[in-house]
Amino acid sequence: MSNVPNSSAAPVVRTRFAPSPTGEMHIGGFRTVFYSWLLARKYNGQFILRIEDTDQVRSKERVIDNLIEGFNWLSLNFDEGPAISGQYGPYYQSDRLGIYAHYAAQVLEKGHVYPCFCSEERLDTLRQEQQKRGLATTGYDRKCRNLPEKEAAQRMADGEPFVLRLKVPLNGFTVLQDALRGEMKFNNALLEDSVMIKSDGYPTYHFASIIDDHLMKISHILRGDDWLPSFPLHGLLYTYLGWEMPVIAHVPNVLGDDGKKLSKRHGAEPVLLYKGRGYLPEAILNFLALLGWAYDEQSEIFTVDELIDKFSLERVHTSPAKFDTTRLLWMNGIYIRKLSIEELVKNVLPFLEAPEADGGLPDSVARPLDRAYLRSFIHLDQERMKTFADAAFLTAFFFVDDLEYLPELLIDKKIDAAGALCALHMAYNALTGLATWDHDSIEQALRNVAAEMGVKAGPVFMGVRVAVTGRKETPPLMETMLVLGRERCLRRINIAIQRLETIQVSAETAQ
RNA sequence: GGCGCAUUCGUCUAGUGGUUAGGACGCUGCCCUUUCAAGGCAGAGAUCACGGGUUCGAGCCCCGUAUGCGCUGCCA
């Protein structure tokens with residue numbers, strides 16, 4: 001970086017998402033990432049993807065496809081990262097080993113870090129003993145901290161395995177700024193000589209992330225507040241390296257229903273799972289944004305652009321929030337209702353065409369579906385859907401040939417079996433004789449039936465509704481019948497009449 | 001055990017020393033209405049975790065306590 005003329009201008013905002021490839025990205029951690037993205041976009045900065053694959057044992061293959069797919073679904077883009085390139089790469093930490101080695105040598109020379117030759121077995125038994133004795137302070141006993149320089153150098157040269165530990169101050173305080181909480185004071189006496197470089201030569205998170213954040217010119221770091229305990233370690237590292245610390249905000253974790261941190265092990269679900277469940281990305285984002293952040297007293301529905309405009313770190317909470325699925329459902333419904341018919345059809349189609357076992361329409365319905373037909377009625381279900389996964393159940397009777405339902409449903413509470421049967425008969429005749437099959441004609445015909453029978457229209461409507469759809473809850477009757485067409489309606493009413501008759505017969509014989 | 005963070009209706013939250021503690025989800029009732037939704041209206045629901053201070057006055061400031069969560073690895 002050369003001396004740019006506008007060096008006095010506000011520094012570029014660069015934020016990052018730095019996952020370890022040990023599993024899928026889940027919804028809990030994602031909220032924090034979203035805030036990072038918002039920040040970068042708000043200030044026209046950059047959002048960087050960096051893969052922290054420094055755990056050779058646990059890191060899976062270099063699969064970031066799934067991760068990228070999740071971000072794509074939500075329309076969140078990276079400016080730099082693996083497979084995207086960028087001038088601050090490489091973006092896999094395992095490709096940056098040389099860089100870490102360089103800085104490790106530097107801090108080793110300065111004496112901020114020391115080699116430790118203790119075996120994992122020794123550390124294990126040490127920990128066990130400390131626990132057994134109920135010691136106030138646990139952790140590494142600093143056995144190797146004061147090894148004579150010569151001896152340490154000799155053992156390293158001899159090829160004895162070692163790790164590099166941070167030589168933390170034994171007293172005093174480390175004072176740091178958290179963007180959300182302000183000044184934080186940590187007692188150095190309580191700190192540990194944490195491992196910076198493992199015996200396999202790989203850095204730990206503490207070491208690698210700080211070097212990369214600096215080299216990649218990250219300006220704001222947002223991370224879970226489970227990192228708070230190691231915050232002083234990082235502060236120390238920055239001073240040892242002689243670097244300025246970026247703005248760091250420890251954002252509270254998202255909690256599950258039980259109040260425990262959402263994690264891979266604990267109820268956290270991959271973001272993409274919500275796609276499969278029929279949620280809209282806009283709804284997820286809007287909902288997540290409000291989990292730990294609020295703009296004002298009453299605003300709740302924000303487009304992504306509005307969030308970019310209005311988001312600010314100052315209004316991010318320090319207290320954790322529970323992930324309330326019910327509220328998400330409500331918000332998803334709001335976004336579904338905003339969709340155009342074309343968008344609705346597009347979204348709903350894959351859910352309807354899915355196999356029955358996966359929640360799609362009955363397998364008896366031929367695929368692919370008739371798009372034009374779907375388009376003709378899907379608006380009737382738009383305000384009844386909380387997720388697209390509801391569509392199959394809601395629309396089944398528009399597609400299926402044979403309705404399955406309990407004949408008892410045909411008898412409304414406000415009418416008896418005989419009345420219900422009579423109404424269906426009369427409705428059948430009236431509808432057959434209709435000059436035109438339109439909304440008002442159908443309604444008038446059915447109202448006439450009720451009038452002739454001397455009953456209210458409700459029970460008549462309900463009988464026809466069940467006959468024609470097999471359900472008691474449906475979109476408005478006339479609109480539904482219009483979609484189904486006269487022929488199908490009459491056939492279904494006819495079948496309903498037969499079913500009612502068999503009930504009556506069996507009821508009579510039972511007497 | 002040690003250390004840290006947090007604490008306003010069941011849930012998400014507004015609130016930055018003086019408010020009848022506001023909104024939303026959910027819940028209940030009513031309206032609309034051919035059912036269900038959606039929408040509208042109304043209601044129940046918070047002694048602001050508890051106890052001390054500071055102050056004329058505290059949800060807001062300070063100190064304790066309790067509870068919850070997190071960290072306490074050659075994982076991140």
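These questions and answers look at a predicted model of a protein with RNA strand B. Local features need pLDDT of at least 70, side-chain atom pairs count only at pLDDT 80 or more, and totals for chains, interfaces and linings use all residues. Residues are numbered from 1 along each chain as its sequence is written, chains are lettered from A and ligands numbered from 1 in the order in which they are written, and side-chain values use heavy atoms, with hydrogens and water left out.

Colleague: Which residues come nearest to RNA strand B?

Modeller: A residue is near a strand if one of its heavy atoms lies within 4 Å of it. There are 63 residues around RNA strand B. Those that come nearest are R58, E383, R384, R465 and T474.

Colleague: How many residues of the surface near RNA strand B are charged?

Modeller: Asp, Glu, Lys and Arg count as charged; Ala, Val, Leu, Ile, Met, Phe, Trp, Tyr, Cys and Pro as nonpolar; the others, Gly among them, as polar. This surface has 23 nonpolar and 13 polar residues. The charged ones number 27.

Colleague: Is T469 buried or exposed?

Modeller: T469 touches F397, L403, T474 and T480, not counting residues up to four places away in sequence; contact means heavy atoms within 4.5 Å. Buried means under 20% relative accessible area, exposed over 50%, partly exposed in between (1.4 Å probe, protein chains only). At 3% relative accessibility, T469 is buried.
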